[in-house]
Amino acid sequence: MEKSEARELIEQARAAWDAEEWLCAAELYERVLAHFPDLEASAAWWYDAALAHKFLRNWAKAYELGREAAARSPRGEGDPAYWNLGVAATIQRDWATARDAWTGFGIRLRDGEGPIDDGFGYACVRLDTGEREVVWIERLCPTRGRVVSVPVTGGRRYGEIVVHDGEPKGERVVEGSTYPVFEELLLFEASELPTLEVTVAAGETADLEALVELFTDHGFGAEPASSVRVLCACCSEGTHTQERSVEAGAQQVSLGAPEGEARRLLERWAGEAETGRSWSGLAAVG
């Protein structure tokens with residue numbers, strides 16, 4: 001391939017990119033890279049080709065091309081080639097490459113091997129279900145998080161592990177602390193905990209808070225209806241201030257727990273107060 005032909009293909013690739021024709025753009029970049037893998041400009045071509053496959057959710061190709069892009073990028077300077085490789089390597093479960101990619105980006109990890117569980121704090125993720133539900137996660141690494149809300153979207157569960165993108169699309173402000181809202185890329189690990197619904201009556205706010213705390217202390221989830229907020233798309237992707245609070249009274253509570261354990265904990269909760277606590281209608285919903 002002559003350099004003049006390569007220049008023409010790169011122009012076509014950029015035009016396809018601008019039109020969001022990701023597969024066409026990636027294929028054109030790859031045609032050029034097969035002949036000119038190490039030109040000064042090639043690092044950007046490797047990166048764009050890998051990113052196009054990320055947009056296509058073709059993680060094997062994003063991983064393959066991402067390795068080439070990262071190999072031509074400076075380490076420790078926050079270069080996005082390392083971030084995208086970290087995501088793709090995580091999804092491919094190549095933990096050695098993922099660890100090296102995060103380090104190459106400039107993130108310090110604890111020494112170790114295998115899956116990363118370094119405790120990156122809390123954040124929110126907008127589930128990729130079409131219903132745009134935002135749930136809370138406990139971040140395990142720069143791109144994986146364990147869901148610690150009980151999703152109301154059918155088919156999703158408390159305790160599942162998701163992979164999320166790196167660019168926040170919104171913020172949640174709770175008690176003065178700001179948490180990013182990331183977009184889900186995929187469900188990485190399903191949860192075995194079923195989703196249940198129960199109607200509870202709580203005389204005081206403290207009664208309902210005690211129910212949530214009881215389930216949480218046992219590794220399960222409880223999400224009172226009064227804690228769920230419905231936002232429009234614009235507000236969801238903006239900065240939203242919310243209170244960490246629930247309301248007393250009769251309401252539905254979504255639970256992430258085995259049915260037998262849920263019954264036991266509900267009975268215990270109701271029996272810990274002489275009045276003001278009751279439950280009924282426990283049923284599996286997902």
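**Close-up views: figure legends**

**View 1. The lining of the largest cavity comprises 5 nonpolar residues, 1 polar residue and 1 charged residue.** Ala, Val, Leu, Ile, Met, Phe, Trp, Tyr, Cys and Pro count as nonpolar, Asp, Glu, Lys and Arg as charged, and the others, Gly among them, as polar. The model is predicted, with local features requiring pLDDT of at least 70 and side-chain atom pairs pLDDT 80 or more, whereas totals for chains, interfaces and linings use all residues. Residues are numbered from 1 along each chain as its sequence is written, and side-chain values use heavy atoms, without hydrogens or water. Two or more of the lining residues come from each of α3, α4 (59-71) and α5, and α3 contributes the most, with 3 residues. On a 1 Å grid over the protein atoms alone, a cavity is a set of points where a 1.4 Å probe fits but cannot get out, a pocket is an open set with protein on both sides within 12 Å along at least five of seven lines, and lining residues have an atom within 4 Å of a point. Grid points are joined across faces, edges and corners, and the volume is the space filled by probe spheres set on them.

**View 2. The second largest pocket has a volume of about 190 Å³.** Among its 17 lining residues, P151, V152, T195, E197 and S254 are the closest to the centre. Strands β7 (195-202), β8 (221-224) and β10 (249-256) each provide at least two lining residues, with β10 giving the most, 3 residues. Helices (H or I, at least four residues) and strands (E, at least two) are DSSP runs, numbered from the N terminus. The lining of this pocket has 7 nonpolar, 7 polar and 3 charged residues.

**View 3. W22 and F55 form a tilted aromatic pair, with 4.6 Å between centres and 55° between planes.** Rings of Phe, Tyr and Trp (its six-membered ring) pair if their centres lie within 6.5 Å; planes under 30 degrees apart are stacked, over 60 edge-to-face, and the rest tilted. W22 belongs to helix α2 (residues 22-33) and F55 to helix α3 (residues 42-55), 33 residues apart. W22 is buried at 17% relative accessible area, whereas F55 is partly exposed at 37%; buried means under 20%, exposed over 50%, and partly exposed in between (1.4 Å probe, protein chains only). W17, W22 and F55 form one aromatic cluster.

**View 4. W83 and W102 form an edge-to-face aromatic pair, 4.9 Å centre to centre and 75° between the planes.** This pair links helix α5 (residues 80-91), which holds W83, to helix α6 (residues 95-105), which holds W102, 19 residues apart. Both W83 and W102 are buried.

**View 5. L266 lies in helix α9 (residues 259-271).** L266 is buried, at 0% relative accessible area. Beyond neighbours within four places in sequence, L266 is in contact (heavy atoms within 4.5 Å) with V198, V200, L211, F215, L255, W279 and L282.

**View 6. T153 is located in the loop between β3 (144-147) and β4 (161-164).** Its relative accessibility of 4% counts as buried. Residues up to four places away in sequence aside, T153 touches T129, E131 and E133.
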